[in-house]
Amino acid sequence: FPVTIARKIIVEGITPIQNFQIKILNIMGEVLILTKNKEIDISNLPNGVYFLNFETDQFISSKKIVVQH
């Protein structure tokens with residue numbers, strides 16, 4: 001099930017030495033946000049369905065999110 005989010009995403013469980021990046025994509029696959037921050041402000045994204053991709057050197061995890069302000 002998708003996760004509903006209003007303003008920000010906080011990623012937990014990342015070790016300080018872990019190399020990672022986070023992408024927020026729209027439903028057409030366009031990258032809207034690309035960051036290495038654990039806290040992501042999504043308040044400027046319009047309401048809708050997006051994908052959050054968490055990528056490290058070893059794996060990629062994708063989660064469907066719903067932005068609803």
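Which residues form one aromatic cluster? Select Phe 20, Phe 54 and Phe 59, which together make up that cluster.

Before continuing, please note that this is a predicted model, in which local features need pLDDT of at least 70, side-chain atom pairs count only at pLDDT 80 or more, and totals for chains, interfaces and linings use all residues. Residues are numbered from 1 along each chain as its sequence is written, and side-chain values use heavy atoms, with hydrogens and water left out.

**The aromatic rings**

Rings of Phe, Tyr and Trp (its six-membered ring) count as a pair if their centres lie within 6.5 Å; planes under 30 degrees apart are stacked, over 60 edge-to-face, and the rest tilted. The whole structure holds two such pairs. In the pair of Phe 20 and Phe 54, the ring centres are 5.7 Å apart and the planes meet at 20°, so this pair is stacked. Because Phe 20 lies in strand E3 and Phe 54 in strand E6, the pair ties together parts that are 34 residues apart in sequence. Now turn to Phe 54 and Phe 59, whose pair is tilted, with 6.0 Å centre to centre and 45° between the planes.

Phe 20 is buried at 9% and Phe 54 is buried at 12%, whereas Phe 59 is partly exposed at 38%.

**The strands**

Next, display the chain as a cartoon. Helices (H or I, at least four residues) and strands (E, at least two) are DSSP runs, numbered from the N terminus. The chain has zero helices and seven strands.

Select strand E3 (20-25) and strand E6 (48-56). Six bridges join E3 to E6, and the two run antiparallel; strands are taken to pair if DSSP finds at least two bridges between them. Within this pairing, Ile 24 stands opposite Leu 52 in E6.

Lys 23 has Leu 34 in E4 as its bridge partner. E3 and E4 form a hairpin with five residues between them, and Gly 29 in the turn has a positive phi of about 85°.

**The nonpolar core**

A nonpolar core is a set of buried Ala, Val, Leu, Ile, Met, Phe, Trp, Tyr and Cys residues joined through side-chain atoms within 4.5 Å. Select Ile 9, Ile 22, Ile 24, Ile 42, Leu 45, Leu 52 and Ile 65: of the 15 residues in the largest core, these touch the most other members. Strands E3, E6 and E7 (60-67) each give two or more residues to this core.

Centre on Leu 45 and show its contacts (heavy atoms within 4.5 Å). Beyond residues up to four places away in sequence, Leu 45 touches Ile 24, Leu 32, Ile 33, Tyr 50, Val 67 and His 69.

**Ile 5**

Finally, select Ile 5 in strand E1 (residues 3-5). Is Ile 5 buried or exposed? At 13% relative accessibility, Ile 5 counts as buried. Apart from neighbours within four places in sequence, Ile 5 is in contact with Ile 42, Ile 65, Val 66, Val 67 and Gln 68.

Conventions. Buried < 20%, exposed > 50% of the residue type's maximum accessible area, 1.4 Å probe, protein only.
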